[in-house]
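Please keep the sequence and the coordinates in view while reading.

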Amino acid sequence: MTLNITLFNSMSRLILGTATFITLGGMAPEIVQAFPVILADELDRNHVESARMGLEALNNENYSLAFSLFNTSLLVNPDYAEAYAGRASARARLGDRYGAISDLEQAAGLFQKQGYFTEAISSYDAAISLDPDYVIAYAGRASARARLGDRSGTISDLEQAARLFQERGNTAAYNQVQEALQQIR
């Protein structure tokens, strides 16, 4: 109950803040100019708070609420990798395996882009645990491992990606991975 009340209060502040912003048209110009900065700060706090509450909902096994809270966080900040990872956990627990894998791939890509390679590897690991033949996760994890200097891990993942591409008859991708392996070895 506390979690739902907290969410309601956070969303109410956001909605009231937006309503205030809309009605400020006739107010003093300095107030109107300052408000977008205040609103941006509030939105930033709200997306982090929504994700935190999403983690709390996950821990309480309320996966539908967790999913909604992570969605709220992502609406405000679509580059928040932690929210994608959290939403993937909720989706997996709700039986949406493909949605979970998609979110994990998104999280991993954002983590890599932001320089958080260990977190990217964790996201790829989770995707592989949901689908051991998910070739994109092996290729992505190889890239993250390479950035961390994990040569043997990079080679292992690239070999697995090459095997999967070959099994699927994707000769172009197989050859590309083999070229990368030759450069590393």
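In this predicted model, the largest nonpolar core comprises 44 residues. Within that core, the residues with the most contacts are L58, A66, F70, A120, A137, F165 and V177. The elements that contribute two or more residues to the core are α2 (29-59), α3 (63-76), α4 (81-93), α5 (97-113), α6 (117-130), α7 (135-147), α8 (151-167) and α9 (171-184). Of these, α5 gives the most, with 7 residues.

When its neighbours within four places in sequence are left aside, V177 is in contact with L158, A162 and F165. Both V177 and F165 belong to the group with the most contacts inside the core.

In general, side chains of opposite charge can pair when their charged atoms come close. The structure holds 12 salt bridges, and three of them are followed here in turn.

Which side chain meets that of R141 in a salt bridge of 2.6 Å, N to O? One partner is D125. This pair links distant parts of the chain, with R141 in helix α7 and D125 in helix α6, 16 residues apart. R141 is buried, with a relative accessible area of 11%, whereas D125 counts as partly exposed, at 32%.

R141 also forms a salt bridge with D157, in which the closest N and O atoms are 2.6 Å apart. Because D157 lies in helix α8 and R141 in helix α7, this pair ties together parts that are 16 residues apart in sequence. D157 has a relative accessibility of 1% and counts as buried, since the limit for that class is under 20%.

These last two pairs are part of a wider arrangement. D125, R141, R145, D150 and D157 are linked in a network of salt bridges.

Key. Residues numbered from 1 in each chain as written. Predicted model: local features only at pLDDT ≥ 70, side-chain atom pairs only at ≥ 80, totals over all residues. Heavy atoms only, no water. Core = buried A, V, L, I, M, F, W, Y, C linked by side-chain atoms within 4.5 Å. Buried < 20%, exposed > 50% of the residue type's maximum accessible area, 1.4 Å probe, protein only. Helix = DSSP H or I, 4+ residues; strand = E, 2+ residues; numbered from the N terminus. Contact = heavy atoms within 4.5 Å. Salt bridge = Lys/Arg side-chain N within 4 Å of Asp/Glu carboxyl O.
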